[in-house]
There are 2 protein chains.
Amino acid sequence: MSAFELHILGCGSALPTRRHNPSAQIVNVRGKLFLIDCGEGTQLQIRNNKLNFNKIQDVFLSHLHGDHCFGLIGLISTMGMLGRNNPLRIHGPKDTEQIFRPLLDYFCAELPFEVCFDAYEKGVHTKIFEDSSIEVFTLPLKHRVPTSGFLFREKAKPRHIRKDMLAFYGIPLNAIPSLQEGADYTTEEGEVISNERLTMPATTPKSYAYCSDTAWKESLIPLITGVDLLYHEATFLETHLKRAQATQHSTAAQAGRMARLAEVKALLIGHYSARYSDEQVFLDEARVEFSNVRLAMEGLKLDI
Amino acid sequence: MSAFELHILGCGSALPTRRHNPSAQIVNVRGKLFLIDCGEGTQLQIRNNKLNFNKIQDVFLSHLHGDHCFGLIGLISTMGMLGRNNPLRIHGPKDTEQIFRPLLDYFCAELPFEVCFDAYEKGVHTKIFEDSSIEVFTLPLKHRVPTSGFLFREKAKPRHIRKDMLAFYGIPLNAIPSLQEGADYTTEEGEVISNERLTMPATTPKSYAYCSDTAWKESLIPLITGVDLLYHEATFLETHLKRAQATQHSTAAQAGRMARLAEVKALLIGHYSARYSDEQVFLDEARVEFSNVRLAMEGLKLDI
């Protein structure tokens, strides 16, 4: 399975509306699900999108504002009722455990699985997760409370084996790992078969950056340069730039500018303020800065 | 305004489904809204039902299981963003403030209104709220944690003034309050005009009992006898009676039997377990015991 997909569960902002759920996304990396943020109602959105609760092993919380975390206790409680056994790891700012541990102790005393909290440092760009296929890094953002975005970066992938050629040369299966890493093959007779004849180039590793919530932050540019997909908040339009600055949010134009300066492949905007009833205005404003942009919507699924 | 209405916001049980929200109801008493229980997503259901957040002055929590209270912090946070000024009073079991105060302090530090917690005693039938039109009493229930139902009882209403007769006799407006209470009117000439000629009988006060979550509890019967509407949980069917007993919930038959023995006027059942995909089975089972029963559904609005 080579999936690297993004599912939008919620892309509204602080004030809930009938059109948008608060922030939550699922990143699917080859069948493993990573949850980014968990606003109220996220567990229902996971169901609505037919995603499997038990395939979520890590949750990444960008910051401790309610619209990014009020759904966490309900989600964990439901995972318990569904008989989960696998530990769940919550990556969040330092206060996360202090806030949620008492709730877990009170409401989920008989939880059949372990919940671990992994506090990441604020204001730092550092690796906080790694497995065989992916690395996750924090992206320091600028908001009213300590806030971090997340950069998901696929690891370099093995070269693709050409099964027909292995059969042709009678090469044993145990040679595959070194072939995948690029090595040539030497037969028992001493003949060297070049790697290029036996494999095809690996798929280029992809990357995804989640940046919400944040005011304009110049120092973010080098950290996300060239990513395949950038989700950047666009809470306001330029007509409300002062309000954006006061609340430390971004405008759609700023999101577009960030995408352009960071030379990302594609931009997805969201975290729309409830004051606008039509998202098209965000798209129009961001497009002036960067052409390959689209609007986040609940239920949207993208290949990264 | 003489409304005494019930709005069902959620009537599912612990495990959320795509068909039912967790427990929450609004009782509208002459334009004042009372919220009973507040499962995750209640604030969105309040919006969906076009009810006004700011007309909620009192919240009644039956017990501290997540499906009855996980929506509270999000609701309060949203009320703050909407600029509420009026205090909000939360009536709940004794641990309610201990659980929610730290969340309020952390997430809603700049709330523009006061949140008061009013702990009610467990296992006791007592009046916990009163205003000019209604009284609310606790109803001790039998569940795995301290749990209380609520009885809403309208106060005796004033007699209806016959404006035509007041005009006919030239009776001044300042006589109305005593006429409403049943007094006769004596003219300046000493003539006594009987109250029956000047007023019509008051509307009979109505009553509503909310009983969720609870196992069968015989001692509840005298406390709710004759109520106009009883909401009684019916988490299971009789085929799962053992499971009902183990989790201290009721079956649809037990809800029907409670309604029959308490001689209530009408029964509404809800809190359906997610294991049943069709609520008709609950209705069929309850109807064997009590004929005037209907199924709770999200969006249902009833005159009590």
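**Entry 1: ground rules.** I noted that residues are numbered from 1 along each chain as its sequence is written, and that chains are lettered from A and ligands numbered from 1 in the order in which they are written. Because the model is predicted, I kept in mind that local features need pLDDT of at least 70 and that side-chain atom pairs count only at pLDDT 80 or more, while totals for chains, interfaces and linings use all residues.

**Entry 2: chain A as a whole.** I looked up the extent of chain A and found that its C-alpha trace spans about 75 × 55 × 35 Å along the principal axes. Its secondary structure comes to eleven helices and 18 strands, where helices (H or I, at least four residues) and strands (E, at least two) are DSSP runs numbered from the N terminus. Of the 304 residues of chain A, 44% count as buried; a residue is buried if 20 or more other C-beta atoms, placed from the backbone, lie within 10 Å of its own, exposed if 12 or fewer, and partly exposed in between. I then looked at contacts, which are pairs of residues whose C-beta atoms, placed from the backbone, lie within 7 Å. Among the contacts in chain A with a separation of 6 or more, 64% come from residues 24 or more positions apart.

**Entry 3: helix α3 of chain A.** I asked myself how many of the ten residues of α3(A) are buried. Nine of them are, so this helix, residues 72-81, is largely enclosed by the rest of the structure. The buried residues include A:Leu72, A:Ile73, A:Ile76 and A:Met79. After the helix comes A:Gly83, whose phi is positive, near 75°.

**Entry 4: α3 against α4 in chain A.** I followed α3(A) to α4(A), residues 96-107, and found that their axes come within 11 Å and cross at roughly 40°; axes are lines fitted to C-alpha atoms, for helices over the stretch in contact, and angles run from 0 to 180 degrees between N-to-C directions. That makes α3(A) oblique to α4(A), since angles under 35 degrees count as roughly parallel, over 145 as roughly antiparallel, 65 to 115 as roughly perpendicular and the rest as oblique. From α3(A), the contact is made by A:Leu72, A:Ile73, A:Ile76 and A:Ser77, and from α4(A) by A:Phe100, A:Leu103, A:Leu104 and A:Phe107. By class, seven of these residues are nonpolar, one is polar and none is charged; Ala, Val, Leu, Ile, Met, Phe, Trp, Tyr, Cys and Pro count as nonpolar, Asp, Glu, Lys and Arg as charged, and the others, Gly among them, as polar.

**Entry 5: where the copies meet.** I found that 100% of the interface residues of chain B are also interface residues in chain A, so the copies meet through the same surface. The contact takes 22 residues from chain B and 22 residues from chain A. On the side of chain B that touches chain A, α3(B) gives the most, with five residues, and the residues there divide into eleven nonpolar, eight polar and three charged.

Notes:
Contact = placed C-beta atoms within 7 Å.
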